[in-house]
Amino acid sequence: MAQVPAATRALRVLRFLAGQPEPVAVERIARELGIPRSTTYHLLQAMADEGFVVHLADDRRYGLGVAAFEVGSGYQRQAPLQRLARRPLATLVDRTGHSAHLAVPHGRDVLYVVEERAPGRPPLVTDVGVRLPSHLTASGRAILAHLPASQVRALYPDRASFVDRTGVGPGSPTALRSVLSETRQRGFAIEDSEVTAGMASVAAAVLDHNEMPVAGVAITYPTEELDERQRERLAGAVVATAGTLSRRLRGR
């Protein structure tokens, strides 16, 4: 029982960090939560050891770590988001004629939790329960593009953080930053033959009440079937579906 106050404080710190748009300094955490600075520092060190926060030494700030994303992904996997998503994804498939799926962040990967396959379409690698590298998938890029730059750096600090499947796709932090910048400017994420040769995807992020990404909605189609104008229309439908899910997630 003597550890309960410490656990309560650690959870308060975690909740506070989850509500911030970017990593914050230890002084601000202590001030906002009314916790002594030395206590806050020790809490953050323990949480960093367990992966729930990450210390950005250059900025002298703390942000959410990979373990925090895994906990959030675990909540989503337990059904609320899937239940909210199933009908909008089915509508998206009916509207476009292409298979759609929902993926949630899981460390450097995305985990596919819902798939709605269009009639007559071949099976995809994005089946429920499959994990794929976020930096190669449209869903993952949509999610990463909405994260603070410091959190992306924490996930992808160097070239060793990157893997490839088909020999194409970003292989360095600089290349990934370029891809994510283009994604934000475009308003949706794309990938072409980076997961499966001959297949392309468009995706948009689902955002929670803090405007943080909790999932990606994507449609996958054979590259040769759509020209750029058709892809733009398809992306518009995906963005609209992601917006619907974001509003439902917020209870609207």
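## Basis

Residues are numbered from 1 along each chain as its sequence is written, and side-chain values use heavy atoms, without hydrogens or water. In this predicted model, local features need pLDDT of at least 70 and side-chain atom pairs count only at pLDDT 80 or more, while totals for chains, interfaces and linings use all residues.

## Largest cavity

Two cavities of 30 Å³ or more turn up in a search of the whole structure. A cavity is a set of points on a 1 Å grid over the protein atoms alone where a 1.4 Å probe fits but cannot get out; lining residues have an atom within 4 Å of a point. Points are joined across faces, edges and corners, and a volume is the space filled by probe spheres set on them.

The largest cavity has a volume of about 80 Å³. Its lining includes Phe69, Pro105, Asp109, Ile143, Leu147 and Pro213. Both β4 (109-116) and α6 (138-144) supply at least two lining residues. Helix α6 gives the most, three residues. Helices (H or I, at least four residues) and strands (E, at least two) are DSSP runs, numbered from the N terminus. By class, the lining holds eight nonpolar, three polar and one charged residue. Here Ala, Val, Leu, Ile, Met, Phe, Trp, Tyr, Cys and Pro count as nonpolar, Asp, Glu, Lys and Arg as charged, and the others, Gly among them, as polar.

Ser99, Arg121, Pro122, Leu124, Met199, Thr220, Tyr221 and Pro222 line it. Strand β8 (residues 213-222) provides the largest share, three residues. This lining divides into five nonpolar, two polar and one charged.

Thr220 also has a partner: its side chain makes a polar contact with the side chain of Ser201, at 2.7 Å. Such a contact is a pair of N or O atoms within 3.5 Å, one able to donate a hydrogen and the other to accept it; residues adjacent in sequence count only if both atoms are side-chain atoms. Ser201 sits in strand β7 (residues 199-207). Ser201 is buried, at 6% relative accessible area. Buried means under 20% (1.4 Å probe, protein chains only).

## Helix α5

Helix α5 (residues 80-96) has 17 residues, which should span 24 Å at 1.5 Å a residue; the end C-alpha atoms lie 25 Å apart, in agreement. The expected span is 1.5 Å times one less than the number of residues.

A kink of about 35 degrees lies at Arg86, shortly before Pro88. The bend is the angle between axes fitted to the seven residues ending at a residue and the seven starting there. Pro88 is buried, as are Leu81, Gln82, Ala85, Leu89, Leu92 and Val93. Just after α5, Gly97 takes a positive phi of about 80 degrees.

Key:
On a 1 Å grid over the protein atoms alone, a cavity is a set of points where a 1.4 Å probe fits but cannot get out, and a pocket is an open set with protein on both sides within 12 Å along at least five of seven lines; lining residues have an atom within 4 Å of a point. Buried means under 20% relative accessible area, exposed over 50%, partly exposed in between (1.4 Å probe, protein chains only).
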